[in-house]
Amino acid sequence: MSGIPKVGIDYAGWAVDIFDNDTKIDKLLDSKGWIGFSVYFFLCMKAYGTEGYFYKWCYDDCASTARKMGSGISASTVKETVDYCLQISLFDKRRFVEWGILTSKGIQRRYWNVVRNRRVKKVYLEFWLLGDHECSGLVKVNLKEPVTDAESHLQSANEDVQMGNANKVKYSKVNNNIVAPAKQGKDDKEKMPTDFELKCVDYLIQCVLSDFPNQKVPKSLKEKGKWTVHIKRMMEIDNITPSDIWNTLVWTMKDSFWRTNIRSTKKFREKYATLYLQSKQRRNTSGNKFNTFENQREYDYEALERELLAN
């Protein structure tokens, strides 16, 4: 059995007459120019390279998108371009509002042209825009749908190869019943990640990759589960509310010091108390959620670094 099925794609075919016969592209160029098109093209490439047919993105990512693109592109330019792309349906507005993703029929058609011959062709029903007549053989699953028997066998085989005998399913020789593996921390392994837990993980992954493109981060839903478990424990064991977790995480990823040091949910949980208190203090003293130069100068960076490396 081969490894986990590939999620993203390595290339995407664009029609050579895109600047001749696509009225939406004409509108984008007329309104936002070549800079606007470059923002649209960049976000499409991020979709193809990550999930394949959609890209987890929100307005909080405008600054990081602009910084990664460079060439003097500002966060306001990114926001204005995305707004216009949503307005003329270069990106699907409903999926963006409901799910926080950027996608479109055009993105999905290019994705399908690449993956149509793959052995495993599975997408989320809530995100998919194309009709069945355009993608015969595609499997659509609900975001919260349990894994099918076939997928369960595939995942079990992959897990055995990667994790070794410790995680293998055991069978009773007496009655052939399946014996569940040992539980880990409040049945972490038995619970599917919630939308909130995945939202936190996806946001942290995006921030990490924007600063460290080669950083090893989870890609598949199964791999992300190893990160969502720490968010789950923060709520169920540490009794932290989702709003406090999210607000602190967003503040952490906007802070110049902590952003480069918090690269996993495990480290985020370990440092949560410090991060929460500092974020609360900054919000109280600055009166807004953005760090100013004066606020940043108050850090004792050496002390923070020593604390970080102590664990």
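Let's start with the overall build: the chain has 14 helices and six strands. These elements are DSSP runs numbered from the N terminus, with helices being H or I runs of at least four residues and strands being E runs of at least two. You are looking at a predicted model, in which local features need pLDDT of at least 70 and side-chain atom pairs count only at pLDDT 80 or more, while totals for chains, interfaces and linings use all residues. Residues are numbered from 1 along each chain as its sequence is written, and side-chain values use heavy atoms, with hydrogens and water left out.

How much of the chain is tucked away? Of its 311 residues, 39% count as buried. Here, buried means under 20% relative accessible area, exposed means over 50%, and partly exposed is in between (1.4 Å probe, protein chains only). Contacts tell us about the fold too, a contact being heavy atoms within 4.5 Å. Among the contacts in the chain with a separation of 6 or more, 64% are between residues 24 or more positions apart.

Now let's step inside. The largest nonpolar core holds 44 residues, and Y40, L43, W57 and F91 have the most contacts inside it. A nonpolar core is a set of buried Ala, Val, Leu, Ile, Met, Phe, Trp, Tyr and Cys residues joined through side-chain atoms within 4.5 Å. At least two residues of this core come from each of α2 (23–49), α3 (62–69), α4 (75–87), β2 (101–102), α6 (105–115) and β3 (122–124). The largest share, 10 residues, is supplied by α2. Another core, of 25 residues, lies apart from this one, and F196, W246, I262 and L275 are among its members.

Which residues does L43 touch, beyond its neighbours within four places in sequence? L43 is in contact with Y55, W57, T65, V82, F91 and L102. T65 counts as buried because its relative accessible area is 5%. The side chains of T65 and W57 are joined by a polar contact of 3.0 Å. Such a contact is a pair of N or O atoms within 3.5 Å; within protein, one must be able to donate a hydrogen and the other to accept it, and residues adjacent in sequence count only if both atoms are side-chain atoms. Leaving aside neighbours within four places, T65 also has F42 and V78 among its contacts.

Helix α6 is worth a visit as well. Its buried residues are I107, Q108, R110, Y111, W112, V114 and V115, and what covers them includes α2 and β3. Two of these residues, Q108 and Y111, are in contact with W128. W128 lies in the loop between β3 and β4 (139–141), and it counts as buried because its relative accessibility is 5%. The side chain of W128 also reaches the backbone oxygen of L130 at 3.4 Å. R95 is another contact of W128; the two residues are 33 apart along the chain, yet their C-alpha atoms are separated by 9.2 Å. The backbone nitrogen of R95 is in turn reached by the side chain of D92, at 2.9 Å. D92 lies in the loop between α4 and α5 (93–99).

Next, look for open space. The second largest pocket contains about 900 Å³. On a 1 Å grid over the protein atoms alone, a pocket is an open set of points with protein on both sides within 12 Å along at least five of seven lines, where a 1.4 Å probe fits; lining residues have an atom within 4 Å of a point. Of the 35 lining residues, T50, L209, V217, P218 and K219 are the closest to the centre. The largest share of the lining, six residues, comes from α8.

Most residues other than glycine have a negative phi. S71, though not a glycine, has a positive phi of about 60°, and it lies in the loop between α3 and α4. S71 counts as exposed because its relative accessibility is 77%. N239 is likewise not a glycine and has a positive phi of about 60°. N239 lies in the loop between α9 and α10 (242–254).

Technical notes
Grid points are joined across faces, edges and corners, and a volume is the space filled by probe spheres set on the points.
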